[in-house]
Amino acid sequence: MQQTVKVVGIGGSPRPDSTAERALRAVLAEAERQGAEVSLIGGAELVMPLYDPRDELRSARALRLVAEIAGADGLVLASPAYHGSISGLVKNALDHVEELREDPRPYFSGRAVGSVAVAQGWQGGVSTLAALRDVTHALRGWPTPLGVVVNTETTRFGPDGECGDPRVRGQLATMAAQVVDFARMNLRAPAAREAAGVEVLAPAGK
């Protein structure tokens, strides 16, 4: 029996039902179809004060964001391209992950992270995707082998949220599978190491 894993999607724009959010929903729908528990923190829910590490008070939205990430086995990030990089809205949300620095799984540790960039054209989309993957590395996450660029000049989502481009639709589904598969493998890893008699060393300083 397959283990249930939790996949959290984060991203979009303040505009309801943006293309980035539709792409994010498509990835989460596929993850759910594969047996994962999913949750979405969409663009409007990411509108929160700028992250200041000196501020001990956090908004309810910021607290929920950090709690969802802390409880996730896998993540999916989606951002529109703003001047060739991650939008300020999504970047500010990712800055709040600093709150997990002392967590047993700090930042994105031990989690596969899928990335989706949405742009009107390829150049901005590709550079935004690279930025999302760089941030994932910096936060100690595992970027999925496949990242997806949605070029709105060639790709549309229908009223039902279905991606009209079969190639992009397939890429979003493949990325969802990679997040779910990695999460399941990571959950099984400690038991497999124990069964094999492999000693697991505690991190330095623990």
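Which residues have the most contacts inside the largest nonpolar core?

**View 1. The largest nonpolar core of this predicted model.** This core has 26 residues, and those with the most contacts inside it are I10, L46, L65, I69, L75 and F108. Two or more residues each come from β1 (6–11), α2 (60–70), β3 (74–82), α3 (88–95) and α4 (122–138).

**View 2. The surroundings of L46.** Leaving aside residues up to four places away in sequence, L46 touches I10, G11, I41, L65, L89 and A93. Another core, of 25 residues, lies apart from the largest one. Its members include L24, A36, V116 and V168.

**View 3. Helix α1, residues 19–33.** The helix has 15 residues, so at 1.5 Å a residue it should span 21 Å. The C-alpha atoms at its ends are 21 Å apart, which agrees with that value. Its buried residues are A20, E21, R22, A23, L24, V27, L28, E30 and A31. Of these, L24 is also listed among the residues of the 25-residue core. Just after α1 comes G35, with a positive phi of about 100°.

**View 4. D17, in the loop between β1 and α1.** Phi of D17 is near 60°, a positive value in a residue that is not glycine. D17 counts as partly exposed because its relative accessibility is 37%, which falls between the 20% and 50% limits.

**View 5. H83, in the loop between β3 and β4 (85–86).** H83 is a residue other than glycine with a positive phi, near 55°. Its relative accessibility is 88%, so H83 counts as exposed; the cut-off for that class is over 50%.

How values were computed:
Residues numbered from 1 in each chain as written. Predicted model: local features only at pLDDT ≥ 70, side-chain atom pairs only at ≥ 80, totals over all residues. Heavy atoms only, no water. Core = buried A, V, L, I, M, F, W, Y, C linked by side-chain atoms within 4.5 Å. Buried < 20%, exposed > 50% of the residue type's maximum accessible area, 1.4 Å probe, protein only. Helix = DSSP H or I, 4+ residues; strand = E, 2+ residues; numbered from the N terminus. Contact = heavy atoms within 4.5 Å. Expected span 1.5 Å × (residues − 1).
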